[in-house]
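Here are my notes on the model you sent. Please read them with the structure open.

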Amino acid sequence: MKRNVNIDRKTLASGEINATKDFGAAVSKVGGVSGVPPKSPKKGFSNWIITGISAIVVAASIFFGSTNTSDTTTPQLAQTNVSELDSAKSVFINPPISSAVLPSDSYVINADKGGEIKHHTGTDINIPEGAFMDENGNVVTGEVEIQYREFHDQADIFLSGIPMDYDTLGENRIFESAGMLEIRGFQNGKRLKITPNKNFRICMKTKDPDPKFNLYHLNEKDEKWDYEGKDSISIPKLDNTVSLAKKYDDLSSGENLDFTDPEIKEDIKETTEEIAVIKKEIKKIKKTEPSKPIKASKDKKNFTIDVVKSEYPELAVYSGTIFEVKENEDLPEDTYSVTWNDVKLKEKNSSYLVQLSKGERTEEISVIPVLEGKNYEQAKAIFDNKFGEYNTKLDKKIEEEKEAEKTLAKLKEKFRQEREEWERKQQEIRDRMTTAQASREVMQRVFKINRFGTWNCDTPVKYPTGMIVKAEYVDQNGEELEFVNLNLIEKQRNACFPLTAGMIKKLPFNPKRTNTLWGVTTHGDIAVGKPVEFDKAGRTHTFQMDLIDVKGKSNSEIKKLIAS
């Protein structure tokens with residue numbers, strides 16, 4: 001049975017009219033670069049600045065390089081006009097102790113002939129002829145100076161101030177190093193570049209033959225590390241080189257895969273992002289699903305709202321709409337005869353609540369809009385057409401999602417195969433390099449470089465986890481310490497983990513490993529927290545640290561003190 005509800009009330013404000021129209025719509029339905037050219041005396045001094053012949057003898061060892069491949073070379077003074085040297089710095093490289101910066105060794109090479117540098121660490125640098133050009137791209141002839149230094153252990157890394165953080169798939173990691181070097185070229189105090197296709201061949205001494213390490217170059221302009229591929233392991237005395245051309249890494253198990261191969265990383269990242277976008281689009285499409293018209297039931301009460309359109313145009317949207325009483329509840333008999341002053345409709349769980357009011361009297365009825373006869377047939381035809389379009393669009397996106405998921409699965413399978421190959425290579429090298437052999441043989445990491453700067457053989461690792469201690473720090477006299485920087489050191493990994501302000505207060509570490517703290521206080525002293533402090537640590541702990549006065553001490557002296 002269809003009944004009319006009469007409405008007679010004051011004219012609505014425009015805001016109320018717009019609000020009521022929403023129902024009608026409902027019915028229709030996102031510190032300085034080390035190794036840079038020394039400063040002129042007029043601009044200040046640093047611990048390694050060349051200020052004259054006497055300073056050169058103190059700050060750097062100067063060698064003439066040639067094609068001679070013998071293990072020894074005769075030190076001679078470089079003919080560098082140091083007063084003209086560029087004094088540019090990169091502020092994101094910030095040595096914690098300026099006086100402890102590792103000095104560079106200098107070598108002189110004939111640019112026309114090229115030559116070989118044999119560094120005192122056991123590293124060989126092969127330079128082809130015509131390998132130097134100036135800043136304007138002109139080929140350089142005559143003698144050039146090579147400044148070179150290496151960083152091998154945690155103390156080297158700590159004192160260098162070179163940032164060792166690396167972003168992998170949006171997650172910050174710290175480099176574990178198998179060896180890092182800095183190499184720069186100069187002529188007459190001017191910076192040089194490496195000529196294209198005249199790469200230097202570096203055979204850098206290393207203690208770690210593990211193939212998990214990648215090659216990176218420090219991009220000083222963008223202040224980040226750029227991935228440069230893989231190196232090889234060479235054992236000169238055995239005349240045996242183990243190729244590591246394939247791109248493997250120390251990857252974690254499970255879904256948290258740490259791909260360091262740029263191609264795989266990029267493919268994984270793009271595919272994962274693509275799937276995320278598709279899922280959002282599917283969700284958005286589902287929200288546009290057209291509402292299926294409901295046919296009026298003969299067994300339920302229903303009514304229409306009788307509106308005089310000329311007098312109440314704002315209520316015209318309700319006119320002719322059949323409202324079916326959802327729960328078929330009993331209503332007062334006069335509901336259909338009273339002339340109501342106001343009507344409000346509120347959406348509630350896919351249905352609507354009609355609120356009728358006159359004076360202090362109100363009636364609330366749970367309803368759903370329904371259709372009958374030709375109106376229903378017409379609405380059903382429109383719905384079928386819109387629902388077909390909706391399903392087509394939704395099915396297309398779902399198919400795109402399936403294809404993207406298949407692509408991701410293939411990438412993971414590729415990772416699995418490469419991981420197996422990496423493990424095989426790793427075991428192969430371990431089998432060859434026994435502990436006794438590793439102690440007596442000279443191993444080198446072999447790679448080519450096409451530009452000057454800092455190069456690093458590294459693998460990105462996560463910050464240590466396992467235990468967090470609420471920490472405070474004091475010196476030997478119980479005085480509280482404040483730090484310019486503080487690093488967590490694990491004996492088992494050749495890495496320095498710089499601690500943020502939050503980490504200093506709540507210190508994370510792996511209790512299964514041997515841990516140390518190295519820091520620089522606001523007074524310029526080095527503070528060392530020894531492993532015994534970690535052994536005593538509980539939920540809270542005050543770390544007693546030994547202070548080292550670094551005044552007047554060289555890089556090698558400071559290294560011995562902090563490592564002791």
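The points below cover confidence, cores, salt bridges and backbone.

1. **Confidence.** This is a predicted model. The protein averages a pLDDT of 76, and 72% of the residues score at least 70. Two stretches need care. Over residues 9-90 the pLDDT is below 50. That stretch still has 157 contacts in the model beyond near neighbours in sequence. Residues 238-260 also have a pLDDT below 50, with 77 contacts beyond near neighbours in sequence. Where pLDDT is low, the predicted coordinates should not be read in detail.

2. **The largest nonpolar core.** Which residues have the most contacts inside the largest nonpolar core? They are F158, I162, W225, I526 and I562, in a core of 28 residues. At least two residues of this core come from each of α3 (154-160), β9 (171-187), β13 (214-219), β14 (224-227), β29 (515-521), β30 (526-529) and α9 (555-563). The largest share, four residues, is supplied by α3. In soluble globular proteins, nonpolar side chains tend to be buried together.

3. **W225 and its surroundings.** W225 deserves a look on screen. Leaving aside neighbours within four places in sequence, W225 is in contact with I162, P163, M164, D165 and Y166, among others. Its contacts also include F175, M180, Y216, H217 and L218. T454 and N456 are on the list too.

4. **Salt bridges: K212 with E176.** The whole structure holds 22 salt bridges. Side chains of opposite charge can pair when their charged atoms come close. In the bridge between K212 and E176, the closest N and O atoms are 3.6 Å apart. K212 lies in the loop between β12 (200-206) and β13, and E176 in strand β9, so the pair ties together parts that are 36 residues apart in sequence. Are these two residues buried or exposed? K212 is buried, with a relative accessible area of 11%. E176 is buried as well, at 7% relative accessibility.

5. **Salt bridges: E490 with two arginines.** E490 forms a salt bridge with R493, where the closest N and O atoms are 3.0 Å apart. Both R493 and E490 are buried. The side chain of E490 also meets that of R513 in a salt bridge, at 2.8 Å from N to O. This second pair links distant parts of the chain, 23 residues apart. E490 is in strand β26 (residues 483-490), whereas R513 is in the loop between β28 (506-509) and β29.

6. **A network of charges.** Which residues are linked in a network of salt bridges? R149, E182, R184 and E220 are.

7. **Positive phi.** Most residues other than glycine have a negative phi. Two residues deserve a check here. N188 is not a glycine, yet has a positive phi of about 55°. Where does N188 lie? N188 is in the loop between β9 and β10 (190-191). N188 is partly exposed, with a relative accessible area of 47%. E223, also not a glycine, has a positive phi of about 55°. E223 sits in the loop between β13 and β14. At 43% relative accessibility, E223 counts as partly exposed.

Methods
Residues numbered from 1 in each chain as written. Predicted model: local features only at pLDDT ≥ 70, side-chain atom pairs only at ≥ 80, totals over all residues. Heavy atoms only, no water. pLDDT = per-residue confidence, 0-100. Contact = heavy atoms within 4.5 Å. Core = buried A, V, L, I, M, F, W, Y, C linked by side-chain atoms within 4.5 Å. Buried < 20%, exposed > 50% of the residue type's maximum accessible area, 1.4 Å probe, protein only. Salt bridge = Lys/Arg side-chain N within 4 Å of Asp/Glu carboxyl O.
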